[in-house]
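Trainee: I would like to learn how to read the packing of a chain. Could we work through one example together?

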Amino acid sequence: MDILAHALWTNLAYWNADTSTRLWATAFGVAPDALSFGPELVRSMVSRQAKKWRKVDESTFEDINRTIPRWVFRLYDITHSIPIWSVVFFGWWWLVGSMPLAYLGWLGHILVDIPTHSKRFFPTPFLWPLSDYKFDGISWGVRWFMIANYGSLAVTYLIVMLAAWT
Ligand SMILES: [Zn+2]
């Protein structure tokens, strides 16, 4: 899914949590993409090639893939891996002694990405490095999915905000 929708859904999932947990969870909810694509975005801005990111949709996937350096795909493997997420989650829990609730926002990101990426553009390497298996889902960049996703977000935000007023 795209990064803005990740932020909005994670914020919703933590709607009833305290503000600090909700903000941290939202940060963790965008971190897998921010950490994978952020450095490349900065690099492409510096080299004046940032235009390519403006139009990411099903007609441009292959062209954009060709311009992305290998290390971005490796960062994507690391940040979209449930085994790696588990090591940090349970390691943190064990060391600190309390469950890092906000860090579940990162797991949510990975789980949402599995069905919303096709093999054409960054399929989710959720079992990396144990397995290279990737699910061939529906691409979030397809127009009908974007409309359905943001439509669902708008309706859900409206409902929770109306519920908060009454
Ligand atoms: Zn992602």
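**Contacts and cores**

Mentor: Start with a single side chain in this predicted model. Setting aside neighbours within four places in sequence, Trp85 contacts Trp106, Leu107 and Ile110.

Trainee: Which residues make up the largest nonpolar core?

Mentor: A nonpolar core is a set of buried nonpolar residues joined through C-beta atoms within 7 Å. Here the largest such core has 7 residues: Tyr14, Ala25, Phe28, Trp85, Ala102, Leu104 and Trp106. Two or more of these residues come from each of α2 (19–46) and α6 (104–113).

Trainee: What share of the residues is buried?

Mentor: Burial is judged by counting C-beta atoms: 20 or more others within 10 Å make a residue buried. In the protein chain, 22% of the 166 residues are buried.

Trainee: Which elements does the protein chain run through from the N terminus on?

Mentor: The order is α-α-α-α-α-α-α, that is, 7 helices and 0 strands.

Trainee: Why does the radius of gyration agree with a compact globule?

Mentor: The value is set against a rule based on chain length. For 166 residues a compact globule would have a radius of gyration near 15 Å, and the protein chain has 17 Å, so the two agree. Along the principal axes, its C-alpha atoms fill a box of roughly 50 × 40 × 35 Å.

Conventions
Residues numbered from 1 in each chain as written. Predicted model: local features only at pLDDT ≥ 70, side-chain atom pairs only at ≥ 80, totals over all residues. Helix = DSSP H or I, 4+ residues; strand = E, 2+ residues; numbered from the N terminus. Rg over C-alpha atoms; globule rule 2.2 N^0.38 Å. Buried ≥ 20, exposed ≤ 12 C-beta atoms within 10 Å, placed from the backbone. Contact = placed C-beta atoms within 7 Å.
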